[in-house]
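Q: How do I read strand pairing, domain contacts and chain contacts in a model like this one? Please take me through them step by step.

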Amino acid sequence: MSDMLQQTNGYAQLAADVLARAKACGATEADIVVADGETFSVQVRVGAVDRLTKAREKRLGLRVFVGKRSATTSTSDFSKDSLDQLVSETCTLANAVVEDQVSGLPDASQMAKDRPDLDLYDETTLDTEVQIDWAKRGEAAAFAADPRVTNSEGAEFDSSSGRVVLANSHGFVGSYKSSSFSLSVSPIATEPGTGAMQRDAWYEVQRKFARLASAESIGQEATRRAVRRLGARKVATKRVPVVFDQETAGSLLANLCSAVSGYGLYKRASFLLDQLGQTITSDVITVYDDGRMEGGLGSHPFDGEGLATRKNTIVERGVLKSYLLDTYSGKKLGLPSTGNASRSVGDSPSVGPTNFYLVPGTKTAEQIIGSVKEGLYVTELIGFGINMVTGDYSRGACGFWIENGELTHPVEEITIAGNLKQMLKNIEMVGSDLVFRGRIASPTVKIAEMMVAGN
Amino acid sequence: MADTVQLTTFGVTELEAQHALDRLNVRDVDYADLYFESRVSESVSMEEGIVKRAAKSISQGVGVRATAGEKTGFAYSDELTKKDLEIAADTARYIANSPKGGHAVPVPAQRRPTRDLYPIERAKAEVATADRVALLNEIDAEARRYDPRIKNVMASFNTEYKMVAVATSDGTLISDIQPLSRLQITCIAEDNGNRQVGSFGGGGRVGFEFYREQNRHLDYAREAAREAILNLSAIDAPAGVMPVVLAGGWPGILLHEAIGHGLEADFNRKKTSAFSSLLGKRVASDVCTIVDDGTLPFRRGSLNMDDEGTPTSCTTLIEKGILRGYITDKLNARLMGIPLTGNGRRESYQSVVLPRMTNTFMLAGESDPQDIIRSVKKGLYAVAFGGGQVDITNGKFVFSASEAYLIEDGQITKPVKGATLIGSGPEILTKVSMVGHDLKLDNGIGTCGKDGQSVPVGVGLPTMKIDEITVGGTQG
């Protein structure tokens, strides 16, 4: 731990040196992010190690402002000569672009004052053999769960830990550590008669190793999902109600998240322009973005510009209450930042969700499916058929056909289509089954009607 | 011929590389390599008529790999000291279960690829930021001049200058310099509250001058603006099964998704591809011949050598409808006992090698493109596409049109809004009834994702008719 602390202090000093150097080169403002981390990954396939990867990496990103002009650079080389050159190149680049009146750091008064411990880091280090064993047990459980599982894309166990230090010319310095542990299992089931194959997968990610579900339960769930797809067929083209499971509902929520993100809005490239305070979904929908959820996969004590993260109400009973904004996109829209600056080392800040979720309702998934006389239960979406400017939506789908409230047979090679503006307003039911497997999470939802295209 | 990159460029001596390879070369290890990479990426972007952003990124590192049977051990480092190489080598050979202490590998002979598909001087790759800014400003003006309903223009110009060297346990040390650039334009058109988007772009392993030749950059700007304006009058797409005619060029993404991924050797060795047992069998109608060709000059998907140092080649995947071959890297070629095609690629030193496509396209047929359109009574004509995706195991693929039209009684009529096409890889090409004589390669904008790794690729297609495919619109 003392090594970790020493390293953090070392990076803070490095950041201070680079900021001073940028100022000497003519920068009026600057910020710097330093990130490092260790990753381990093992893939097991059909009982044997297929691939084992281990690495340490580090990167530094610098953004400078020369008046209203700015540029961003990054490097993995932390030697003094290299950083000196980087600083001067960054200032040269900034001088070459055009003035942008709203550019600049946030006001010094806005910088985060607290540094809450959000329980993002687990100091557990796992032996290589333990991690291989997790992957092997996950895959073995998938094979054992059903004789129709005949092959496998493998099981993968990943662990990583890292640190971020952010500093700027206002004197802000912040740092935090985080870790993650994950297991995914991807079995392939074969239909005895035809030999047709279906793959599916299940996974879990946690910041704390002890919170991971058992390898066996993840493998078994993966098999349940793969086997139930056997015998899938197309259905006739028809307009019907569509139930999205947690995973696919999460992807719908991700579409909403993009539509309310500041950059798309000020570029007029979102289907939700000028909707603040307006009804954009049915009244069963309430959405939060909570940057301070303990142990959350999207939690950070401060955002990519050093502003405090917080819990924002995005949609309340159907009414759009807040966009997701950083300082720049906020200024473009005449609004303050919502603490949603996301910063990858090599880029200037953008907007991203923290823990963005749909508040659960009271119905179970079974009850929601039970409410459908004839329709589709979607469990996987593929392709990129979403137009964020218009909301037009048309994606490939897999799932199950619903008749009289029961799942009848698996379905594939179909598309579902509509327009996100109407789809959001047509959400009739929200399930009680919210589980966080990533930064964006949703319970099961039901949309009153969409076009299913098949035969 | 391409210039040789010395290992000292990466701060490593040949002796140190040799030592690391020796250390990797324990008893069970079949093959080992070191992949040194140094990459400088630069970008400038504009929106709202202002070139607001400029960015530059420098990365350098080494990927160290050992394979034993089907197992791969892999480590990477952004530090290139002797000690870091040793640690990486010890990590990578962990999978071999062999005793410590490697034995000497053949001393590599320094080589360079025997051809130079992208002879670009560094000086030409390094263009003053001011010139790039000027290019984007001209694009903005041109797109707005095209039509006053164009309300925003977003354009970005990205370049990458990558030096790589591969040292292998089979005694090769080979290097390459791989420039890459891309110009991408998106326009938003607005008319009485109706907003639509149009995109266009191009690039390749070309220098900055490419974009100004014959004012290509202005052509791109007009194309992006034209698509956005066209979509203002587009009607909702139909839903259901119908004939679809694909225009030449970028719609070749269908081949990439429907066929290409399924023919990557790793999926077939593991028998997880819908094509696993179909070698020598008919998977397409006899008008279809499809190749993957990494040897085309200046193309985005081309390489002098792949990331294992193997020269790229032109591989016939499907010949007159019959499945002929897979695309391979060293690991899969060895395990499957099939030819090495030079398709071992990786996103960077931080990723493992996988068999990946280069430029994938269908050879020209004999039909007149006009006759192909005229043969359709009621269907869809798809000209431009967004992205696509495939499920390798069941073979189902989708791809989404960004510019498409109805065909009615043999005539192209109304533009329709983006529709997604969905089909089955092993079946779709059996439904191809006509192939035009107008083979066209795409403009150089493709990026392919697999296992979280992105690599630049190309596609190509002549005008092609599919007798039936499901179109995923909203109008029944």
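**Reading strands, domains and chains**

A: Begin with one bridge: Val287(A) has Leu358(A) in β14(A) as its bridge partner. Keep in mind that this is a predicted model.

Q: Which strands does that bridge belong to, and how many bridges join them?

A: Strands of a sheet pair through backbone hydrogen bonds, either parallel or antiparallel. Here β9 (residues 287-290) and β14 (residues 356-358) of chain A run antiparallel, joined by three bridges.

Q: What is the strand order of the open sheet that holds them?

A: Read it from one end to the other: β11-β10-β9-β14-β19 in chain A. The sheet has five strands, and its pairing is mixed.

Q: Why do β11 and β19 of chain A each have one side without a neighbour in the sheet?

A: Count partners. β11 (319-320) and β19 (440-441) of chain A are at the edges and have a single partner strand each, so one side of each lacks a neighbour in the sheet.

Q: What does β8 of chain A pair with, β20(A) for one, and in which sense?

A: Take its partners in turn. β8 (residues 238-244) runs antiparallel to β20(A), with six bridges. Lys238(A) has Val452(A) as its bridge partner there. With β15 (residues 374-382) of chain A, β8(A) runs parallel over three bridges. Val242(A) is bridged to Leu376(A) in that strand.

Q: How many residues of the two domains are in contact?

A: Contact here means C-beta atoms within 7 Å. By that test, 20 residues of domain 1 of chain A touch 15 residues of domain 2 of chain A. On the domain 1 side, β4, β5 (173-190) and β7 (202-206) of chain A give two or more residues each. That side has 10 nonpolar, four polar and six charged residues.

Q: How many residues of chain A and chain B are in contact?

A: Count each side separately. 61 residues of chain A contact 66 residues of chain B. β2(A) gives the largest share of the chain A side, 11 residues. By class, that side has 19 nonpolar, 22 polar and 20 charged residues.

Methods: Residues are numbered from 1 along each chain as its sequence is written. Chains are lettered from A and ligands numbered from 1 in the order in which they are written. This is a predicted model: local features need pLDDT of at least 70, side-chain atom pairs count only at pLDDT 80 or more; totals for chains, interfaces and linings use all residues. Helices (H or I, at least four residues) and strands (E, at least two) are DSSP runs, numbered from the N terminus. Ala, Val, Leu, Ile, Met, Phe, Trp, Tyr, Cys and Pro count as nonpolar, Asp, Glu, Lys and Arg as charged, and the others, Gly among them, as polar. Two strands pair if DSSP finds at least two bridges between them.
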